[in-house]
Each structure stands twice: as structure tokens, then as C-alpha cells.
Amino acid sequence: MSNHTAPTAPAAEHAPRMQMAKLAPEFYKAVISLEIAAKKGLDPALVELVKIRASQVNHCAFCLDMHTKDALAAGESVERVVQLSAWEESRHFYTERELAAIELTEAVTVLTDGFVPDEVYARAAAQFEEAELAQLIAVIATINVWNRIGVTTRSTPGHYTPGQYKQG
């Protein structure tokens, strides 16, 4: 017989280390401008999938909270959001275009081998016109900036409301 009791309350929430927007406001505004410019002309649903996948890889709980809520609020299915962490085994949930973007997102996000493989880039280039591919790379780079801010400053997830930081 176990003496363990079922928890009655969630674990304590950690406090953020700092408020980047207040301490480096010009930088923060510049990253927001980068965000707005990066996603221009791309399908918003695809953009959210890319942001969610990069945030999963980077373990950014704050960005995962934000982008899963935004995706669901915009009509994305729970199933596709949940399966994204195992996209290679769940390919049939996504289009070839989405798969190319997700694969490129992982390659750009995890640069431990020092490069994005030619075959990954080629699959993305086959699915996106050159200008779209440039925008996609910009979105991937930008979410990686946000992830690194969120993880380093320990931005606290769970309090985001869809559209809270609505920008152009």
C-alpha cells in the first residue's frame, strides 16, 4: 500500500527572470517589427505550425502556450497541433508543403551539425516560390529569436489569451 496522496494543486509557478520588453524596449520593438515583416505573404496557419514546431524543439513553454492557443483560436485542429511533436510519424496530418516547412524549421532551429542539409532545403524550395521561401526562413529565424528570449528570461506560460499581442 502506498502512502502517496493525489496532488490537489498544481506545482508553484516560477517567476520570470526579467521583463525584456521593459529593460530593452528598442530591441523588443525591433523584434516585433521583424516578426511582422517575416510573416508577410505566408499562410497564417503555416506560420503557426512553424512557430509551434520551433518552440517544441527549443522547449519554449511561453511560445508554445501562445502559438498553440493562437492556432486553435484561428481554427487549427487539436489533432494537428498535438501530432506536430511527432510529425515524422504523423505525416498524413499535413500537406507536403507543410511537411517541407516543418522539416526546414527543425533544420534551421537545430544547427548542431553546422548546416541545413541540401535535401531539406531542396524539398522546401520545391514547395515554395523563392520569395515565399525567403519569408519562411525569416519566420523560422524570428521564432528562434523569441524562443531564446522566452527560455532565457523564463517567460511564464499559461497566461496568454489568443490575439493578446496582435500585430500587423
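How much of the chain's accessible surface belongs to carbon and sulfur atoms? The share is 58%, out of an accessible surface of about 10,000 Å². Keep in mind that this is a predicted model. The chain has eight helices and zero strands, and 37% of its 168 residues count as buried.

**Overall build**

- The C-alpha trace spans about 60 × 45 × 35 Å along its principal axes.
- Take the contacts with a separation of 6 or more: 72% of them are between residues 24 or more positions apart.

**Salt bridges**

- The count of salt bridges comes to eight.
- One of them pairs Lys51 with Glu35, and their closest N and O atoms are 2.3 Å apart. This pair links distant parts of the chain, with Lys51 in helix H3 and Glu35 in helix H2, 16 residues apart.
- Are Lys51 and Glu35 buried or exposed? Lys51 has a relative accessible area of 4%, so it is buried. Glu35 counts as buried too, at 6% relative accessibility.
- Another salt bridge brings together the side chains of Arg80 and Glu98, at 2.8 Å from N to O. Here too the pair links distant parts of the chain: Arg80 sits in helix H5 and Glu98 in helix H6 (residues 96-109), 18 residues apart.
- Arg80 counts as buried because its relative accessibility is 15%, under the 20% cut-off. Glu98, at 9%, also counts as buried.
- Glu96 forms a salt bridge with Arg91, and the closest N and O atoms of this pair are 3.9 Å apart. Arg91 counts as partly exposed, at 38% relative accessibility.
- There's also a network: salt bridges that share partners join Glu76, Arg80 and Glu98.

**Aromatic pairs**

- The count of aromatic pairs comes to two.
- In one of them, the ring centres of Tyr28 and Trp146 are 5.2 Å apart and the planes are at 70°, so this pair is edge-to-face. The two residues link distant parts of the chain, with Tyr28 in helix H2 (residues 25-38) and Trp146 in helix H8, 118 residues apart.
- Tyr28 is partly exposed, with a relative accessible area of 24%, while Trp146 counts as buried at 13%.

- Thr156 is found in the segment after helix H8 (130-153). With a relative accessibility of 11%, Thr156 counts as buried.
- What does the side chain of Thr156 reach? It reaches the backbone oxygen of His14, at 3.1 Å.
- Setting aside neighbours within four places in sequence, Thr156 is in contact with Glu13, His14, Ala15, Pro16 and Phe62.

**On the surface**

- Leu72, Val78 and Val82 make a nonpolar surface patch of about 260 Å².
- Val78, a member of that patch, is found in helix H5 (residues 78-83). Val78 counts as exposed, at 54% relative accessibility.
- Pro44 has its place in helix H3 (residues 44-57). Pro44 counts as exposed because its relative accessibility is 58%, over the 50% cut-off.
- If you'd like a sense of distance, Pro44 and Ser85 are 41 residues apart in sequence and 19 Å apart in space, C-alpha to C-alpha.

Definitions and conventions:
Residues numbered from 1 in each chain as written. Predicted model: local features only at pLDDT ≥ 70, side-chain atom pairs only at ≥ 80, totals over all residues. Heavy atoms only, no water. Helix = DSSP H or I, 4+ residues; strand = E, 2+ residues; numbered from the N terminus. Buried < 20%, exposed > 50% of the residue type's maximum accessible area, 1.4 Å probe, protein only. Patch = residues over 30% accessible without salt bridge, like charges linked within 9 Å, V, L, I, M, F, W, Y side chains within 5 Å. Areas by Shrake-Rupley, 256 points an atom, 1.4 Å probe, with all protein chains shown as cover. Salt bridge = Lys/Arg side-chain N within 4 Å of Asp/Glu carboxyl O. Polar contact = N/O pair within 3.5 Å; in protein donor to acceptor, adjacent residues only side chain to side chain. Contact = heavy atoms within 4.5 Å. Phe/Tyr/Trp six-rings, centres within 6.5 Å; stacked < 30°, edge-to-face > 60°.
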